[in-house]
Amino acid sequence: MAGKAAAPGTAVLLVTANVGSLFDDPENLQKNWLREFYQLLKMEDKMNKVSECRMKHYTQDPIGMKMIQGIAPAPLCQQVLHTHKPHFMALHCQEFGGKNYEASMSHVDKFVKELLSSDAMKEYNRARVYLDENYKSQEHFTALGSFYFLHESLKNIYQFDFKAKKYKKVTGKEIYSDTLESTPMLEKEKFPQDYFPECKWSRKGFIRTRWCIADCAFDLVNIHLFHDASNLVAWETSPSVYSGVRHKALGYVLDRIIDQRFEKVSYFVFGDFNFRLDSKSVVETLCTKATMQTVRAADTNEVVKLIFRESDNDRKVVLQLEKKLFDYFNQDVFRDNNGTALLEFDKELSVFKDRLYELDISFPPSYPYSEDSSQGEQYMNTRCPAWCDRILMSLSAKELVLKSESEEKVATYDHIGPNVCMGDHKPVFLAFRIAPGAGKPHAHVHKCCVVQ
């Protein structure tokens, strides 16, 4: 466009979304979800209209660009405006096909067709879609779906063939589903059953792909870790037994993607980690002045409910806790100031501080939202709200995101559809630019790989 200058580098958009709810109520929730997802592309246009002059970081609010740290922007005449959509877009979905997948997997084709053929996506002339739909395969089924879209302006992008150990140029649009186990363009694995014996048939696992853009190689890992099976069990210890299971599974994935079979490259791991707040610490903080009543089953004497009441104020109930109930009287604590007062209890990632990096979280807990299409901001009272959906990266990937060869640049880490029902999870996205030549010191793709 006249008067508009192209920003240097490659615009990348990474999105993670647990979409299980969408297939249980496709008429309402899928429409909402797709509308907000397409709106994100327009937001990217707005987000790129940022000064290239040296200034402090900007962040996005629901209305538009909001300045933080009190630093005034450069005059408009010094600004260079960018209106390009992301060049490379990755969408990682979990619970694809729905929670009741045997009944709702039939809605998958319509959803995929809409994504690939909508007007909003018409400028993405190449795509790769990997769907794990084979729910009859108990040994392999993960219910993961990985979508990759390439803008028509993006030149020379390659995907790694793990079997041939070389990169292949990406052309056209291709969808893979029933043959994922034999597809050489990805690595897929379901976690062993003994990782989470409480669940008779877990669908948790990961899918890994590798990409090369302008000599910059990186892995993209779609991941789904284990949930908290019981609020009461999660409350018993700090950290919880479930936190330990997630730690083991994530460690397994990280070891897998940096083993000796392939060249080491930067990587992004994004999906539903099911990270939870430290339940014991949260309950103790929320119920500091409350007394606890324990309710046991008459036949087994097992604890089935905890009731926390204020010591005075007519013994008002503050919190009720059951296996699948977390009913706190004031949900505003999870929404006010994006719930940042609770971030101190978000501890699960700290175990990996030397291996993984995450941008600062400035959005409210992404789960568990109401699945009522009229309740866009309401949490369900099934679990303590937590930041389950995350985008994490290796330390070398951090350099790609936060550094450029010239001026400081902007990366945006946020959630989608803050006021709209998107299912029980709000999708989370990371938008950034890879500077020209940024990956060469790390990947040396042009030297080590045979490109077809």
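Analyst: Helices (H or I, at least four residues) and strands (E, at least two) are DSSP runs, numbered from the N terminus. This is a predicted model, where local features need pLDDT of at least 70, side-chain atom pairs count only at pLDDT 80 or more, and totals for chains, interfaces and linings use all residues. Residues are numbered from 1 along each chain as its sequence is written, and side-chain values use heavy atoms, with hydrogens and water left out.

User: Where does proline 239 lie?

Analyst: Proline 239 sits in the loop between helix 4 (231–236) and helix 5 (241–257). A cis peptide bond links serine 238 to proline 239, with omega about 0 degrees.

User: What kind of peptide bond joins tyrosine 367 and proline 368?

Analyst: That one is cis too, with omega about 0 degrees. You'll find proline 368 in the loop between helix 7 (332–335) and strand 18 (389–393).

User: Why is glutamate 95 called buried?

Analyst: Buried means under 20% relative accessible area, exposed over 50%, partly exposed in between (1.4 Å probe, protein chains only). Glutamate 95 has 11%, so it counts as buried. Its phi is near 55 degrees, a positive value in a residue other than glycine, and glutamate 95 belongs to the loop between strand 4 (88–94) and helix 2 (101–104).

User: And what makes alanine 214 partly exposed?

Analyst: Its relative accessibility is 47%, so alanine 214 falls in the partly exposed class. Alanine 214 is in the loop between strand 11 (205–213) and strand 12 (216–224). Though not a glycine, alanine 214 has a positive phi of about 50 degrees.
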